[in-house]
Amino acid sequence: MNVPTTRLIKMIGNLYQVEVNKNLKDRRITQSQAEVLIYIQIKNEQGKEVHQVDLEQALHLSNPTVTGILNRLEEKGFVRRVPSSENSKFKSVIITEDGKEELNKGKKVIHRLEKETLSCLEDEEQKEINRLLEKIWNHINAR
């Protein structure tokens, strides 16, 4: 197969996301929702407020995408939006106990699928591909 590297990365990412979402179907969250919950949980545990704009910037997502994800997470009772103590113009997003519980179950599924996906590579190859992808990410992100 003679596919350009960036196209191959996208194809792998798409297939992986489909597999993750298929396996998370019984968990009531998607991969995107899990990524948002992980970010919120980490920041909440550090005692930091999370605003929608933080999610947009940190996860490189558009405003409408983050709005949709947060709306669905809020409908499921996994997050709450509360007035920000830092800025009255903003709402702070916090993860609920139900959100933490669902996220922990989802993380196990994601971790298992990541191990399965990378199982065709030796440990050193896994480290090398991760190093190379991070190098590409940092290069693109620095623009």
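**Entry 1: the largest pocket**

I looked up the largest pocket and found about 1,700 Å³ of space in it. I note that the model is predicted. I then listed the lining, which comes to 33 residues. Nearest the centre of the pocket lie Ile9, Gly13, Tyr16, Gln31 and Leu133.

Which elements give two or more residues to this lining? I found α1 (5-24), α2 (31-45), α3 (52-59), α5 (97-118) and α6 (123-141). The element that gives the most is α1, with 10 residues.

I sorted the lining residues by class as well. I got 18 nonpolar, 11 polar and 4 charged.

**Entry 2: the whole chain**

Next I stepped back to the chain. I found 6 helices and 2 strands. Along the sequence I read the pattern α-α-α-α-β-β-α-α.

**Entry 3: α2 against α3**

I came back to α2, one of the elements in the pocket lining. How far apart are the axes of α2 and α3? The answer is 11 Å, and the two helices pack at an angle of about 115°. Angles from 65 to 115 degrees count as roughly perpendicular, so I wrote down α2 and α3 as roughly perpendicular to each other. The crossing of α2 past α3 is right-handed.

I listed the residues that make this contact. From α2 they are Glu35, Val36, Tyr39 and Ile40. From α3 they are Asp54, Leu55, Ala58 and Leu59. By class, I found 6 nonpolar, no polar and 2 charged residues in the contact of α2 with α3.

**Entry 4: α2 against α4**

I then checked α2 with helix α4, which covers residues 63-75. Their axes come within 10 Å. They cross at roughly 80°, which makes α2 roughly perpendicular to α4.

Which residues make the contact between α2 and α4? On the α2 side I found Ser32, Gln33, Val36, Leu37 and Ile40. On the α4 side I found Ile69, Leu70, Arg72 and Leu73. The classes here are 6 nonpolar, 2 polar and 1 charged.

Technical notes:
Residues are numbered from 1 along each chain as its sequence is written. This is a predicted model: local features need pLDDT of at least 70, side-chain atom pairs count only at pLDDT 80 or more; totals for chains, interfaces and linings use all residues. Side-chain values use heavy atoms; hydrogens and water are left out. On a 1 Å grid over the protein atoms alone, a cavity is a set of points where a 1.4 Å probe fits but cannot get out, and a pocket is an open set with protein on both sides within 12 Å along at least five of seven lines; lining residues have an atom within 4 Å of a point. Grid points are joined across faces, edges and corners, and a volume is the space filled by probe spheres set on the points. Helices (H or I, at least four residues) and strands (E, at least two) are DSSP runs, numbered from the N terminus. Ala, Val, Leu, Ile, Met, Phe, Trp, Tyr, Cys and Pro count as nonpolar, Asp, Glu, Lys and Arg as charged, and the others, Gly among them, as polar. Axes are lines fitted to C-alpha atoms, for helices over the stretch in contact, and angles run from 0 to 180 degrees between N-to-C directions. Angles under 35 degrees count as roughly parallel, over 145 as roughly antiparallel, 65 to 115 as roughly perpendicular and the rest as oblique. A crossing is left-handed if the near helix is turned anticlockwise from the far one by less than a right angle, and right-handed if clockwise. Contact means heavy atoms within 4.5 Å.
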